[in-house]
Amino acid sequence: MIYNIYHKTTFDYQGMVSFSHNIARLKPKDTPFQKRHSYAFEVNPAVYESREFIDIFGNTNTHILVREPHHSLSVTGISTVEVFEKQIEDNIAHLRENSITYDAAIKRLSAFHHEDIDAKRFLFESALISNSAKDIKNYARESFQNRKDLFEATEAFMGRIFNDFEFVSGFSDVMTPVEKIFKAKKGVCQDFAQLAIAALRSIGLPAKYISGYIETIPPEGQTKLFGVDASHAWFSVYIPGAGWADFDPTNNCIPKDQHIILGEGRDYHDIAPLKGIVFSSGSSRLSVVVDVRQKAHHDDPGEEPHIVMSQHQSQS
């Protein structure tokens, strides 16, 4: 599958902005399961200074400095990404076949194995995810029995989140604590991903946040998946000796060729598409335009980009 992705974030400010300093993360990463064929980055008004760098998680960050006075700032990423279905299917089969039990995973992670070092940094609390909630830990332990296969347990745990929580836009924002999401039993994709990560870390399993996009063409008569043609989020759990396994609790599925990875981190904070600081007064209004489609249909002049309020809201 080859996808064209258009992601534009716009801030309209009530007052004049004299200085804008931002970090943008809109360049999809190359992985063994997807390849970025092209990427273009546009900023309006003109950028005074720009610098691209790779962070500790392998995400491309673009620092942008705007000194021209402005009432509106728009940042756009346009990319073409190929997703390799066979490699993804083969990896899922590998993870299933080489998964170990939960108690074997905990024993392995409590010892030193050099191949586990990188994964262990995803064991700890992060800016938006704490490990202190006992009720979330107890919720996780219902799925992760000591002798339960880790891949199968995580798949069942994903299904429980899907069934127990309601997708409700507008209830939360990027700063809503996972404890509030757990208590209310509702939220959006980023909430469900971060809740799952909090639960997994609380029982000693490394878990990371995956940010990206989802393209959905549902079978006739079936409801479209949440997050269609919009920014999306899911989580990945580390299976010692096998690797990272991705799960999408919003849609109760294992990500395959319809999921395109933008980047990854400990939580949303590490891979927010746009965040920064502005010198201004008054309020601001955020709008996001996201369009994801297979390349064969990209040049159809009869189709306009879908305009949606992204579930991944940027902070400024």
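Author: Let us begin with N252, which is partly exposed, with a relative accessible area of 34%. Buried means under 20% relative accessible area, exposed over 50%, and partly exposed in between, with a 1.4 Å probe and protein chains only. The model is a predicted one, in which local features need pLDDT of at least 70 and side-chain atom pairs count only at pLDDT 80 or more, while totals for chains, interfaces and linings use all residues. Residues are numbered from 1 along each chain as its sequence is written, and side-chain values use heavy atoms, with hydrogens and water left out.

Reader: Where is N252 found?

Author: N252 sits in the loop between β11 and β12. Helices (H or I, at least four residues) and strands (E, at least two) are DSSP runs, numbered from the N terminus.

Reader: And what is phi of N252 near?

Author: Phi of N252 is near 55 degrees, a positive value in a residue other than glycine. Most residues other than glycine have a negative phi, and most peptide bonds are trans.

Reader: Which loop holds K185?

Author: K185 lies in the loop between α6 (178–184) and β8 (186–187). Phi of K185 is also positive, near 60 degrees, and this residue is not a glycine. K185 is partly exposed, with a relative accessible area of 28%.

Reader: Is the peptide bond from N44 to P45 cis or trans?

Author: The bond from N44 to P45 is cis, and its omega is near 10 degrees. P45 belongs to the loop between β3 (34–44) and β4.

Reader: Let us turn to sheets. What is the order of the strands in the open sheet that contains β9?

Author: The order is β11-β10-β9-β12, an open sheet of four strands with antiparallel pairing. Its edge strands, β11 and β12, each pair on one side only. The twist averages 35 degrees from one strand to the next. Two strands pair if DSSP finds at least two bridges between them. Axes are lines fitted to C-alpha atoms, for helices over the stretch in contact, and angles run from 0 to 180 degrees between N-to-C directions.

Reader: How many bridges join β10 and β11?

Author: Five bridges pair strand β10 (residues 231–239) with β11 in the antiparallel sense. Within this pair, S236 stands opposite D246 in β11. The two strands form a hairpin with three residues between them, and G241 in the turn has a positive phi of about 85 degrees. On the other pairing, β9 and β10 are antiparallel over seven bridges, and G212 stands opposite H232 in β10.

Reader: Why is strand β11 largely enclosed by the rest of the structure?

Author: Four of the five residues of β11 (residues 243–247) are buried, so the strand is largely enclosed.

Reader: How much space lies in the largest pocket?

Author: The largest pocket holds about 510 Å³ of space. Of the 27 residues that line this pocket, the closest to its centre are F33, N91, W244, D246 and I261. The elements that give two or more residues to the lining are α1 (85–98), β9 (207–214), β10, β11 and β12 (259–265).

Reader: How is a pocket defined?

Author: On a 1 Å grid over the protein atoms alone, a pocket is an open set of points with protein on both sides within 12 Å along at least five of seven lines, whereas a cavity is a set where a 1.4 Å probe fits but cannot get out; lining residues have an atom within 4 Å of a point. Grid points are joined across faces, edges and corners, and a volume is the space filled by probe spheres set on the points.

Reader: Which strands form the sheet that contains β2?

Author: That open sheet has four antiparallel strands in the order β4-β5-β2-β13. Its edge strands are β4 (49–54) and β13 (274–279), each pairing on one side only. Neighbouring strands here are turned by 10 degrees against each other on average, direction ignored. Five bridges join β2 (residues 19–24) to β5 (residues 60–66), and I23 stands opposite H63 in β5.

Reader: With which strand does β1 share 12 bridges?

Author: Strand β1 (residues 2–17) is joined by 12 bridges to β6 (residues 70–83), which runs antiparallel to it. The bridge partner of H7 in β6 is G77. Strand β1 also pairs with β14 (residues 284–294) over 11 bridges in the antiparallel sense.
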